[in-house]
Protein chains: 2
Amino acid sequence: MPRILIVDDEAKIREVVKEYAAFEGYEVVEAADGMEAVEKVREDQNFDCIIMDIMMPKLDGYSACKEIKKIRNIPVIMLSARGEEYDKLFGFEVGIDDYVVKPFSPKELMARIKVAIKRSSKEPSEDIIRYKGLVINFAARDVIIDGKRAQMTPKEYDILFFLAKNMNIAMSREKLLEEVWGFDFYGDDRTVDTHIKMLRNSLGPYRDLIVTLRGMGYKFDNIR
Amino acid sequence: MPRILIVDDEAKIREVVKEYAAFEGYEVVEAADGMEAVEKVREDQNFDCIIMDIMMPKLDGYSACKEIKKIRNIPVIMLSARGEEYDKLFGFEVGIDDYVVKPFSPKELMARIKVAIKRSSKEPSEDIIRYKGLVINFAARDVIIDGKRAQMTPKEYDILFFLAKNMNIAMSREKLLEEVWGFDFYGDDRTVDTHIKMLRNSLGPYRDLIVTLRGMGYKFDNIR
DNA sequence: GAATAATCCCGCAAAATTCCGAAAAAATTC
DNA sequence: GAATTTTTTCGGAATTTTGCGGGATTATTC
């Protein structure tokens, strides 16, 4: 269930949005001003979208948006009275994602929320990649295969991480040598083959995720 | 200078948009209906944004958008009368990127165009060519034919990628040998023919996209 | 200095490339 | 429009390349 945060000093507007959003299946949290919104985001970072008025006491919508974006890149949809400067509204330095004019159609707002969430969910975020029982944790530098931690050599980790981070992107041996070994490696191309071989062995049932691109190189591939 | 395409059957609306857009520094191309828009995109693919009405003769905005997205992922902003179904508008299966209600504020429209262009330019240029059920993914180095991944040899990939990247441009055998094989290839011209033959077999139902230019060479051709 | 990792080497099987000749298709000439 | 020439396509076979497994050697780490 996606969570959205509605920020407005008018309780009536919050109420309307909440009602529609609940109907759409969102969990709604309210905030009465920008300050409160920033605090809520700080406490509990997993909002999927924020709807925010511009004119608010304590901290206005622009400034609140800027602060929130520093914490986490949550899509922000601004509400404002007609006549505001559009240039400011969409100012990318503020980071506003979309914008609805007051008085607004709740249906339109809901549609825009949906789009904003969809769009943000598309872009890569996490530091963890999962594929079935394979979990690659970049930060922790470990790999879990069907619940058990995989035992890998440093090079194997490096190659796997590099390929996984560039998922579905073809990598030539030269590119791999450059990126994983470093520019100052003057060795045989075939060294890559050997390490891929060992990596595959370490990956056990997921060995097929590393696919060979004949005459070219390798790629990490989770498609099909 | 960014190029935008304005599609509407009312000349007056096109005129207004054109005026504002010109002021913002855009190059504007007009189309009077969906069919014309699709054709324009096919001919000259480098529009940065498309503004399109929904209600139009010949081909409506939805269908035109769908067609255009097959050719290339250009951001599309829809114009429509208030009261349209928002769900449909933002239907992701259609691929609409944004939406403005008629009668609209030209300033708002300009702001949204700016955002749409900025957003699309930010995302990693998708390096994907689509034609009906054929998807060529350069980065992943794979080709999908009607949902199934095609199995191709390195040379077949290389030729297809080269021809697809130079879509609708005639390529002599010499040029192909030079670009795909490399300058240091001293073999028979007819080698190209054989590989084209195999490539066509691999392309199955899309074999006709590789057209023969008698006495000259080949080209990748998505027209008709 | 023993264990572990990384690199290199060799050979085989499979895959890919090239070449060749014949058939087919298109263009040209009569 | 038939015959001829040119060009392309097709099928197959010889040749070359490539990836990978096994294993040996060298480097690194504790």
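Student: What makes α6 (154-165) of chain B roughly perpendicular to α8(B)?

Tutor: These two helices pack at an angle of about 85°, and their axes are 9 Å apart. Angles of 65 to 115 degrees count as roughly perpendicular, under 35 as roughly parallel, over 145 as roughly antiparallel and the rest as oblique. α6(B) is therefore roughly perpendicular to α8(B). The axes are lines fitted to C-alpha atoms, for helices over the stretch in contact, and angles between N-to-C directions run from 0 to 180 degrees.

This is a predicted model, in which local features need pLDDT of at least 70 and side-chain atom pairs count only at pLDDT 80 or more, while totals for chains, interfaces and linings use all residues. Residues are numbered from 1 along each chain as its sequence is written, and chains are lettered from A and ligands numbered from 1 in the order in which they are written.

Student: Which residues make the contact of α6(B) with α8(B)?

Tutor: From α6(B) come B:Lys155, B:Glu156, B:Ile159 and B:Leu160, and from α8(B) come B:His195, B:Met198, B:Leu199 and B:Ser202; residues are in contact if their C-beta atoms, placed from the backbone, lie within 7 Å. By class, this contact has 4 nonpolar, 2 polar and 2 charged residues (nonpolar: Ala, Val, Leu, Ile, Met, Phe, Trp, Tyr, Cys and Pro; charged: Asp, Glu, Lys and Arg; polar: the others, Gly among them).

Student: Why are α2(B) and α3(B) called roughly parallel?

Tutor: The axes of α2 (residues 34-43) and α3 (residues 61-71) of chain B cross at roughly 10° and come within 9 Å. That angle is the reason, so α2(B) and α3(B) count as roughly parallel to each other. Their contact has 6 nonpolar, 3 polar and 2 charged residues.

Student: How do you know which residues surround DNA strand C?

Tutor: A residue is near a strand if its C-beta atom, placed from the backbone, lies within 6 Å of it. There are 25 such residues around DNA strand C, the closest being A:Thr153, A:Gly187, B:Thr153, B:Lys155 and B:Gly187. This surface has 4 nonpolar, 11 polar and 10 charged residues. α6 and α8 of chain A and of chain B each supply at least two of its residues. For DNA strand D there are 17 residues, with A:Lys197, A:Thr212, B:Asp193, B:Lys197 and B:Thr212 the closest. α8(B) gives the most there, 6 residues.

Student: What makes β11(B) and β12(B) a pair?

Tutor: Two strands pair if DSSP finds at least two bridges between them. β11 (residues 210-213) of chain B is joined to β12(B) by 4 bridges and runs antiparallel. β10 (residues 171-172) of chain B reaches β12(B) through 2 bridges, also antiparallel. In the hairpin of β11(B) and β12(B), with 3 residues between the strands, B:Gly215 takes a positive phi near 70°. Helices (H or I, at least four residues) and strands (E, at least two) are DSSP runs, numbered from the N terminus.

Notes. Contact = placed C-beta atoms within 7 Å.
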